[in-house]
Amino acid sequence: MEILTDPPGNKNKKIFRILLLVGAGFLLFSFLSYSGLFLYAKMAGPPPLAVPQSTVYYADDGTVIGETDSGGKRYWVGLDEISPYFKQAAIAVEDQRFYSHSGFDYKRILAAIFADLKAMAKVQGASTITQQYARNLYLTHDKTWARKIKEALYTIRLEANYGKDEILEGYLNTIYFGHGAYGVEAASRFYFGKKAKDLDLAEAAILAGIPKGPSFFSPVISFERAKKRQKLVLKKMAENGMISEEEAEEAFREQLHIAGKHPVREKIAPYFQDAVQQELKRVMGLDERTIALGGLKVYTSLDPKMQKSAEENMAKTSPAGSGIQAALVAMDPQTGFVKAMIGGRDYAESSFNRAVKAIRQPGSTVKPFLYFAALEHGFTPSSTLRSEETTFYYDEGRRQYAPKNFNGRYAEGNLTMAQALALSDNIYAVKTHLFLGMETLKEYMEKFGITSKQEAVPSLALGTSGVSVIEMAKAYSLFANGGTAVEPRFIQKVVGKDGQVIYEYKKKTRQLLDPKTAFVMTHMMTGMFDPKLNGYAAVTGSSMLKKATRIYAGKSGSTNTDSWMIGFTPDLLAAVWTGYDDNRAIAGSREKAFAKNLWIGFMEDALKGKPLRSFHPPKGVTGVWIDPTTGLLATDSCPVKRLTYYVENTEPTEFCAEHPHLPPDSEKGAEPRHREIEDGKKAGKPWYRRFFDWFD
């Protein structure tokens, strides 16, 4: 019986066809798998690069004033801000075919498999830079299959949606170098005390070797092991043609100076920085994690020199151990930018920001709002009211109020509004308040931007309803601005970690007050700084006169528990409060003087060397010389006269008849020395007479 068999040639052809079909099927499967994964990567879109990065805060001169982090230093920098040596070193030691593969280096994978099989252990890794970046971004470093599959999927998504340079930049900014340093910038600062762009070849090779095992290859932990690793990195760079053998040898012999510490940055103006973070939340809607770890560059309005002056003057005027607290807000009244802030004596002891959060009684610092309202209701700087001890009845006579002047002294005669403001006469203020109607002052304080609740009672004219320091700074800026409103601001610009400007302050103003009336009020507020001459009564700013070198407008105020001083030039405004947290009474004249001393010391230091600028009257305002005791036009016989401004057609038209001639022993030929509103010049005489040194 004959058995039929295929000829050898047919059998070989059949095997070949099977192999061909299997190969084609494998290729088709691979193509479909890759296409499916690529389609998945495109449909899934680019994975978010939510890498924690330190947020850095800058002053207005570009200096760093603080930063936030979560125990690690993280600074995102672009590829152009990284030394070319380090980029080459990282690629040479971690992923030599980085720019040619699609996320996975198959040659390296096969080589690693053979090496592991030969050693019967895990001896060689095959992760590309993209894979490591995916792991750093989204995954843990455990060795489970689930993690490896996720890593592969993230790798595909990264490669499908980002360019190679973007991936390399992300990788170099996220790898861990030990000692709390994440990314090459933080590592360069820690190990060498320099920026990543300034690394030389030897330093770059040292750093590139650390991520393999930060606790093993750190030069701080073992300089010997770090040098061995450096030699390997330099060798790979030379093998890949990145450097020459001679350059590698020279770099290896270079003497390295390891810093081994993060640059210490003193947190400047911590109360101010807290206010900046609150503005990031309020204006930009950022959450706390984004603020702390979003890699933001926040450019603030802080002037470091002014901040230092504020802190030094606080230390001088209210020395440690006194227990009294202080708050200060200094701002540019033209822009609203806050230039300095004190929120308390010691941030380490109490982070409560008294400049922003504390609500305290402002005392007589509310009187400019009251008298501005009066000017708009027919009063002028020459309007007179009698100052004497008075009991006021209100609420249809059912209630009474008996305010007192400082030291219980009264003029026992008429005062002009200008005099009443400079002497801080309480009787004049309450009379004006009741004449206008108690709701009027409340409404005007709201108009000036005061949001703290105000009680429409007789004592409101003397500042018995609480306000914050920053509210008062904002309100007074309306006078300094000629009635133009600005908001206090702490941030000029915010830049994201990718270098894009995500916020920039745009100045927004609105004309809120009549500029003519605002100027008249401002000019009256310079009266508190008129000099005390020839034995005449001192105004409330007399204690600051010896230190003042320029024209200021302002108002002081005090209660039993609070002391205030707020004043300004056209270029700078400062509001100061001093008092105790527990509302105990301020003891003695020395403690009551802290606010004024802090204010004048700060203003003089902050404006030292800057041009002398004064307040210039707008159109519709006229200035005339008056006798300050009568409020009438001065004659040659008046021993005291003051240039006073009025809205046109409201100035006095009658001449003073109280001084028909000068007595024989008068200083008839004396040159006037009154402080006039001109660029730093002084002219005229003091404008108070008949009164003792009685109002604070």
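1. In which helix do Arg282 and Glu279 both lie, and how many residues apart are they? Both belong to helix α12 (residues 270-284), where they stand three residues apart, about one turn of the helix; helices here are DSSP runs of H or I with at least four residues, strands are runs of E with at least two, and both are numbered from the N terminus. Arg282 forms a salt bridge with Glu279, and the closest N and O atoms are 3.5 Å apart, a salt bridge being a side-chain nitrogen of Lys or Arg within 4 Å of a carboxyl oxygen of Asp or Glu. Arg282 counts as exposed because its relative accessibility is 52%, whereas Glu279 is buried, with a relative accessible area of 1%. In these terms buried means under 20% relative accessible area, exposed means over 50%, and partly exposed is in between (1.4 Å probe, protein chains only).

2. On the basis of the notes: this is a predicted model, in which local features need pLDDT of at least 70 and side-chain atom pairs count only at pLDDT 80 or more, while totals for chains, interfaces and linings use all residues. Residues are numbered from 1 along each chain as its sequence is written, and side-chain values use heavy atoms, with hydrogens and water left out.

3. By the salt-bridge rule the count comes to 21. One of these salt bridges joins the side chains of Asp60 and Lys339, at 3.1 Å from N to O. Asp60 lies in the loop between β1 (55-58) and β2 (64-68) and Lys339 in strand β7 (residues 338-342), so this pair ties together parts that are 279 residues apart in sequence. With 32% relative accessibility, Asp60 counts as partly exposed, while Lys339, at 14% relative accessibility, counts as buried.

4. A further salt bridge is formed by Glu288 with Lys281, whose closest N and O atoms are 3.1 Å apart. Glu288 counts as exposed, at 56% relative accessibility, and Lys281 is partly exposed, with a relative accessible area of 28%. Elsewhere, salt bridges that share partners join Asp395, Glu396 and Arg398 into one network.

5. Which residues gather in a patch of negative charge on the surface? They are Glu239, Glu245, Glu246, Glu247 and Glu250, where a patch is made of residues with over 30% relative accessible area and no salt bridge, like charges being joined within 9 Å. Helix α11 (residues 245-253) gives the most to the negative patch, with four residues. Glu247 lies in helix α11 and counts as partly exposed because its relative accessibility is 36%.

6. Gly241 has its place in the loop between α10 (223-239) and α11. This glycine counts as exposed, at 62% relative accessibility. The C-alpha atoms of Gly241 and Ala92 are separated by 9.9 Å, although the two residues are 149 residues apart along the chain.

7. Turning to the aromatic rings, the structure holds 24 aromatic pairs; rings of Phe, Tyr and Trp (its six-membered ring) pair if their centres lie within 6.5 Å, and planes under 30 degrees apart count as stacked, over 60 as edge-to-face and the rest as tilted. Phe519 and Tyr645 form an edge-to-face pair, with 5.1 Å centre to centre and 85° between the planes. This pair links distant parts of the chain, with Phe519 in helix α20 (residues 515-525) and Tyr645 in strand β21 (residues 642-647), 126 residues apart. Phe519 counts as buried, at 6% relative accessibility, and Tyr645 counts as buried, at 11%.

8. Is the pair of Phe529 and Trp599 stacked or edge-to-face? It is stacked, with 5.9 Å centre to centre and 25° between the planes. Phe529 lies in the loop between α20 and β16 (553-558) and Trp599 in helix α22 (residues 594-607), so the pair ties together parts that are 70 residues apart in sequence. Both Phe529 and Trp599 are buried.

9. The C-alpha atoms of Ile600 and Ala574, which are 26 residues apart along the chain, are separated by 9.4 Å.

Definitions and conventions:
Patches are made of residues with over 30% relative accessible area and no salt bridge: like charges are joined within 9 Å, nonpolar side chains (Val, Leu, Ile, Met, Phe, Trp, Tyr) within 5 Å. Accessible areas come from the Shrake-Rupley method with a 1.4 Å probe; for residues, only the protein chains shown count as cover. Lys and Arg count as positive and Asp and Glu as negative; His and the chain ends are not counted. The place of a charge is taken as NZ of Lys, CZ of Arg, CG of Asp or CD of Glu.
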